[in-house]
There are 2 protein chains.
Amino acid sequence: MADTPEPAEPSLDEQIAAYQREFQGLDPQVERVVSALSRLNRRMHVAYGRQTAELGISNGEWEVLKALVLAGAPYRLGPGDLAKRLGLTPAAMTHRIDRMVAEGLVTRERDENNRVRVIVGVTEEGRAKWLEGLRMATVFEEDLLQDLSSEERGQLGAMLTRLLRRVEEAQPDAGGRLNDLD
Amino acid sequence: MADTPEPAEPSLDEQIAAYQREFQGLDPQVERVVSALSRLNRRMHVAYGRQTAELGISNGEWEVLKALVLAGAPYRLGPGDLAKRLGLTPAAMTHRIDRMVAEGLVTRERDENNRVRVIVGVTEEGRAKWLEGLRMATVFEEDLLQDLSSEERGQLGAMLTRLLRRVEEAQPDAGGRLNDLD
DNA sequence: CTTGAAGACTTCAACCCTAAACTTCGAAGC
DNA sequence: GCTTCGAAGTTTAGGGTTGAAGTCTTCAAG
C-alpha cells in the first residue's frame, strides 16, 4: 500500500512550490499575497455562510439588509441602486427582493412621486437579523485578527487600502457582476 | 434639482463611517481589514473573469486547468479529488468536466485497474489556455502590487499567511463549498 | 396633445451550482 | 463463490444568477 497520494487540498506553501515547478519566472512574493487573499476570502465566505444560515437567511440576503442599513436613514433604496451596490444585475435584484418580501425581511412599494420607481425598505425583522448577523461576524473577524497586534492591524489595513485604491482606479466601473462577498 | 443622491457604490471610507454611525462598538481597524479584503477579492474576481473570457473559457474552467497542472506530472486527477481542491460538489465537477471535454480542454477516461474511478487529464489546448491565462493574471497581479516595495510585499504576505493559518485551524475541513475563487 | 426616446423594473430562457437519490464496481466476510 | 457494505461518479430536482427582451412611466419636442 502507501501508493495513493490520498486526495487533499494542497497547502499554500505547496501551491507556491508547484507554481515555481511548473512555471519559471513567477515572483513567489506576489503569488503568496494573491493566493493568500483568495484563500482567505473563500474561508471568510464559508464562515459568513454558516452564520447567516443560523439566521435562516442566505448570505446574499444579509448583504441586502446591510446595504439598506448602511445607506443610513430612512433606510430605503431602489432595486437599481441596490443592484449597483451589491454588484448584481437588476434581474437578480428583482428575484432576491421577491424572496425577501415573502420572508418579511424588506418591504417593496412604488414611489408616489415617480411611479416607475420602486422603493425597498427594511422591516423590523430585517433590521434585527442584520444586527444579529453583524454580531456573529464581529466575533469571527476579531478572532481572525487575534494574532496581529494593533500596530500590525493598522499596517495591514493601510496596505490593503493601497491595493484597493489601485484596482479601483484601474476598474473605474462598479466592478462588474458577482454574487455577494463584501 | 440636486436632490437625488445619485446612486453609486460607497467608498471604503464611507462604508466604515456608516458602520460607526449605525453600530457603536465596532473596531474600525478590524472593519477596514475585512472590508478591504472582500472588496479586493471582488475586483480580482472580475479581473480574472475578463481575462478568462478572452480565452473563451469561464473562470471555473480555468481553475480546473490550474488544479491539474499544479498537481504535477502526469497532470491527471480524479473528479472527486478535483472537486475537493476546487471546493465544489462532485455533481458540479461532473457537469464541469462534461463541458470541458466537449470543448476539448480535458480528457476523461476510466481507470483500467479500477473501473469505478475516472481520470481527468489536460489536453494540449487546455494546457495552452492555462498558460496564457497565467500570463495575463501575472500582469494584473504585478500591477496590483506595484505600489508596494519588496519589503512591504513580504510583510503583507507574511501577515496574510498568519491570518490564513488561523482560519484554517478553525475550519479544519476542506473549507466548504463555493464557486471558484482561489 | 401626442409622439418619440430614455429610464426603471420585470419577465423569460439558459446556465451552473447544491443536495439528495441512484448506479456501478470493488473489497471483505462467511 | 456469494452477499453485503462502502466508495466513486452520475443523474435529477430545485434554487439563484445572467443576458436579453418586454412593459410601463416620465420627459421633452413638435
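1. The helices α4 (79-86) and α5 (90-102) of chain A, together with α5 (90-102) of chain B, each supply at least two residues of the surface near DNA strand C, where helices (H or I, at least four residues) are DSSP runs numbered from the N terminus and a residue is near a strand if one of its heavy atoms lies within 4 Å of it. This is a predicted model, in which local features need pLDDT of at least 70 and side-chain atom pairs count only at pLDDT 80 or more, while totals for chains, interfaces and linings use all residues. Side-chain values use heavy atoms, with hydrogens and water left out, residues are numbered from 1 along each chain as its sequence is written, and chains are lettered from A and ligands numbered from 1 in the order in which they are written.

2. Around DNA strand C there are 22 residues, of which Pro79(A), Thr94(A), Arg108(A), Thr89(B) and Arg96(B) come nearest. Of the atoms of DNA strand C that come within 4 Å of the protein, 73% belong to sugar and phosphate. The residues of this surface divide into 10 nonpolar, 6 polar and 6 charged, with Ala, Val, Leu, Ile, Met, Phe, Trp, Tyr, Cys and Pro counted as nonpolar, Asp, Glu, Lys and Arg as charged, and the others, Gly among them, as polar.

3. Among the pairs involving phosphate oxygens of DNA strand C, a polar backbone atom of Gly80(A) lies at 3.1 Å, and a polar backbone atom of Val118(A) at 3.4 Å. For Arg117(A), it is an N or O atom in the side chain that is 3.4 Å from a phosphate oxygen of DNA strand C.

4. DNA strand D is surrounded by 23 residues, and the closest are Thr89(A), Ala92(A), Arg96(A), Ala91(B) and Thr94(B); sugar and phosphate make up 75% of the atoms of DNA strand D that come within 4 Å of the protein. Here α5 of chain A, with α4 and α5 of chain B, each supply at least two residues, and α5(A) gives the most, with 5 residues. This surface comprises 10 nonpolar, 7 polar and 6 charged residues.

5. Phosphate oxygens of DNA strand D are 2.8 Å from a polar side-chain atom of Thr89(A), 2.9 Å from an N or O atom in the side chain of Thr94(B), and 3.0 Å from an N or O atom in the side chain of Arg99(A).

6. Between the protein chains, 87 residues of chain B are in contact with 87 residues of chain A, contact meaning heavy atoms within 4.5 Å. The area buried between them is about 8500 Å², of which carbon and sulfur atoms give 60%; buried area is the accessible area (1.4 Å probe) that two parts lose on being put together, summed over both.

7. The rule finds 12 salt bridges across the interface of chain B and chain A, a salt bridge being a side-chain nitrogen of Lys or Arg within 4 Å of a carboxyl oxygen of Asp or Glu; Glu22(A) and Arg127(B) form one of them, at 3.5 Å from N to O. On the side of chain B that touches chain A, α2(B) gives the most, with 20 residues, and the residues of that side divide into 41 nonpolar, 18 polar and 28 charged.

8. Chain B can be laid on chain A with an RMSD of 0.1 Å by a turn of 180° and a shift of 0.0 Å along the axis, the superposition being by least squares on the C-alpha atoms of residues with pLDDT of at least 70 in both copies. That is the relation of a two-fold axis. Since 100% of the interface residues of chain B are also interface residues in chain A, the copies meet through the same surface.

Conventions:
A polar contact is a pair of N or O atoms within 3.5 Å; within protein, one must be able to donate a hydrogen and the other to accept it, and residues adjacent in sequence count only if both atoms are side-chain atoms.
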